[in-house]
Amino acid sequence: MKKLDGRIALVTGSSRGIGSSIATRFGEEGAHVIVNYRSSREDAERVVRSIVKRGGSAEILKADVSSEEEVRKMFESIREKHGRLDILVNNAGLADGSLWNLELENINVQTLMKVFSVDSFGTFLCSKYASLIMRKGAIVNVSSLPALVGDSDGIVYAFAKGSVLSLTRMLARYLAPKIRVNCMVLGSFRTSWVDWLTREQLKAYIEAIPLRRLGRPEEAASLALFLASDDSSFITGQSIVIDGGEAMR
Ligand SMILES: NC(=O)c1ccc[n+]([C@@H]2O[C@H](COP(=O)([O-])OP(=O)(O)OC[C@H]3O[C@@H](n4cnc5c(N)ncnc54)[C@H](OP(=O)(O)O)[C@@H]3O)[C@@H](O)[C@H]2O)c1
């Protein structure tokens with residue numbers, strides 16, 4: 001028996017990076033995986049092909065998680081096709097190097113809205129519409145280490161990801177006992193953002209991590225599987241750090 005046999009799972013932003021690893025892992029564990037993307041159709045198709053090639057089952061649903069109308073339609077189409085949803089992973093996040101390293105004085109509401117609309121409001125919207133079609137199940141949110149410990153480089157991003165920590169606790173209480181809601185707090189993982197870094201910056205990131213390497217997307221997928229499956233059946237409202245020891249005090 002696989003850990004997610006018979007479950008319907010939606011992973012937002014799973015056309016690449018950590019989301020694609022989570023989708024692939026869920027597929028291997030028996031879930032029917034809905035691969036969501038906003039613009040990278042070919043990447044999303046590749047993820048679906050790879051799940052099917054491994055003997056799993058998957059489909060694609062395009063939606064911008066920052067648009068309430070698109071999110072509403074995405075969940076409506078899941079309800080029409082499957083009648084329910086069992087697992088939601090709110091993974092979609094805006095990776096935009098130009099929003100990094102901003103001086104505080106240059107951050108305005110427009111900049112805040114750009115990031116909040118995806119990372120924060122997107123998580124809210126998908127959770128809201130998912131809760132309407134989930135009879136029981138699990139929501140897994142994705143936050144980031146700076147939301148917990150602070151960071152001077154990515155103020156807007158950490159601010160938005162901080163709201164995901166509080167939303168996790170609020171929804172865990174509101175949706176209990178039907179739906180468990182937990183959050184993964186990710187340290188530095190090897191995905192597209194690494195391309196913005198100089199060799200020196202990358203070296204400094206790695207030196208700050210006691211395990212002396214970046215995380216692998218598959219390692220985040222293992223935690224997502226734990227939080228989505230019955231292995232964590234008595235855990236809700238928690239934010240669990242996975243960071244190679246970076247935040248350890
Ligand atoms: N990598 C890290 O070290 C790290 C650390 C802490 C937290 N995180 C968080 O982990 C999550 C995944 O990160 P990643 O590094 O794997 O990111 P990534 O490689 O940049 O992938 C982002 C994914 O999100 C999708 N996406 C972006 N905006 C979207 C929208 N509005 N609606 C739907 N999908 C959207 C992208 O699809 P399209 O290309 O189709 O738009 C893509 O599939 C994010 O929430 C990120 O903030 C990552």
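Start by selecting helix α4, which gives four residues to the lining of the largest cavity, the largest share of that lining; helices (H or I, at least four residues) and strands (E, at least two) are DSSP runs, numbered from the N terminus. The model is predicted, so local features need pLDDT of at least 70 and side-chain atom pairs count only at pLDDT 80 or more, whereas totals for chains, interfaces and linings use all residues. Residues are numbered from 1 along each chain as its sequence is written, and side-chain values use heavy atoms, with hydrogens and water left out.

**The cavity**

Now show the rest of the lining: Thr-12, Val-65, Asn-90, Asn-91, Ala-92, Val-118, Gly-122, Thr-123 and Cys-126 surround the largest cavity, which holds about 30 Å³ of space. A cavity is a set of points, on a 1 Å grid over the protein atoms alone, where a 1.4 Å probe fits but cannot get out, while a pocket is an open set with protein on both sides within 12 Å along at least five of seven lines; lining residues have an atom within 4 Å of a point. The lining divides into four nonpolar, five polar and no charged residues, where Ala, Val, Leu, Ile, Met, Phe, Trp, Tyr, Cys and Pro count as nonpolar, Asp, Glu, Lys and Arg as charged, and the others, Gly among them, as polar.

**The ligand**

Select the ligand next, together with the 32 residues around it, of which Ser-15, Arg-16, Ser-39, Ser-40 and Thr-191 come nearest; a residue is near if one of its heavy atoms lies within 4 Å. An N or O atom in the side chain of Ser-15 is 2.7 Å from an oxygen atom of the ligand, a polar backbone atom of Val-65 is 3.0 Å from a ligand nitrogen atom, and a polar side-chain atom of Lys-161 lies 2.9 Å from a ligand oxygen atom. The ligand taken alone exposes 900 Å², of which the protein buries 95%, with accessible areas coming from the Shrake-Rupley method with a 1.4 Å probe. If you colour by element, α1 (17–28), β2 (32–37), α4 (109–133), β5 (137–144) and α6 (155–175) each give two or more residues to the shell, and β5 provides the largest share, three residues. By type, the shell contains 12 nonpolar, 15 polar and five charged residues.

Among the five aromatic pairs in the structure, go to Trp-100 and Tyr-157, which form a tilted pair, 5.4 Å centre to centre with 55° between the planes. Rings of Phe, Tyr and Trp (its six-membered ring) pair if their centres lie within 6.5 Å, and planes under 30 degrees apart count as stacked, over 60 as edge-to-face and the rest as tilted. Trp-100 sits in the loop between β4 (87–90) and α4, and Tyr-157 in helix α6, 57 residues apart. The loop between β4 and α4 also holds Asn-101, which has a positive phi of about 55° although it is not a glycine. Finish at Pro-177, in the loop between α6 and β6 (179–186), where the peptide bond from Ala-176 to Pro-177 is cis, with omega near 0°.

Technical notes. A polar contact is a pair of N or O atoms within 3.5 Å; within protein, one must be able to donate a hydrogen and the other to accept it, and residues adjacent in sequence count only if both atoms are side-chain atoms. Grid points are joined across faces, edges and corners, and a volume is the space filled by probe spheres set on the points.
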